[in-house]
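Dear colleague,

Please find below the structure that I am handing over to you. My findings follow directly after it.

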Amino acid sequence: MDQRGSESVALDEILSELRQTFRTGRTRPVAWRKAQLRAIIDLVQDNEERIFTALLEDLGKHPVESYRDE
């Protein structure tokens, strides 16, 4: 089996496992997921200038371009 075939098998196994877990009801509550999303938003907002600086230094992106695209 080539690499793509083995990757496909691995992905199928992962997907099957995730679906089984979901059916058991062991997933996190919606409130927990919303809190995680809010935390990601806060993290990005708190580090916005650092992100802009990194994108400027690494990729030459102007902060306006970074805000618009990233």
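Ser-66 is part of helix α4, which covers residues 63-69. In this predicted model, Ser-66 has a relative accessible area of 1%, and because buried means under 20%, Ser-66 counts as buried. Leaving aside residues up to four places away in sequence, the contacts of Ser-66 are Phe-52, Leu-55 and Lys-61.

Helix α3 comprises residues 48-59, and Glu-49 is found there. The helix has twelve residues and spans 16 Å from its first C-alpha to its last, close to the 16 Å expected at 1.5 Å a residue. After α3 comes Gly-60, which has a positive phi, near 70°. Glu-49 itself has a relative accessible area of 55%; exposed means over 50%, so Glu-49 is classed as exposed. Between Glu-49 and Leu-11 there are 37 Å from C-alpha to C-alpha, and the two residues are 38 residues apart in sequence.

Helix α1 runs over residues 3-24 and includes Arg-19. With a relative accessible area of 48%, Arg-19 is partly exposed, because this value falls between the limits of 20% and 50%. Arg-19 and Glu-70 are 51 residues apart along the chain, and their C-alpha atoms are separated by 31 Å.

I now turn to the protein chain as a whole. Its secondary structure amounts to four helices and zero strands, and the pattern along the sequence reads α-α-α-α. How does the radius of gyration of the protein chain stand beside that of a compact globule of 70 residues? Such a globule would come to near 11 Å, whereas the protein chain has 19 Å. Along the principal axes, the C-alpha atoms of the protein chain fill a box of roughly 45 × 40 × 15 Å.

As for the surface, 9% of the 70 residues of the protein chain count as buried; Ser-66, described above, is buried.

In short, the items to look up in the structure are Ser-66 in α4, Glu-49 in α3 and Arg-19 in α1. Their states are, respectively, buried for Ser-66, exposed for Glu-49 and partly exposed for Arg-19.

Yours sincerely

Key
Residues are numbered from 1 along each chain as its sequence is written. This is a predicted model: local features need pLDDT of at least 70, side-chain atom pairs count only at pLDDT 80 or more; totals for chains, interfaces and linings use all residues. Side-chain values use heavy atoms; hydrogens and water are left out. Helices (H or I, at least four residues) and strands (E, at least two) are DSSP runs, numbered from the N terminus. Buried means under 20% relative accessible area, exposed over 50%, partly exposed in between (1.4 Å probe, protein chains only). Contact means heavy atoms within 4.5 Å. The radius of gyration is taken over C-alpha atoms; the globule rule is 2.2 Å times the number of residues to the power 0.38. The expected span of a helix is 1.5 Å times one less than its number of residues.
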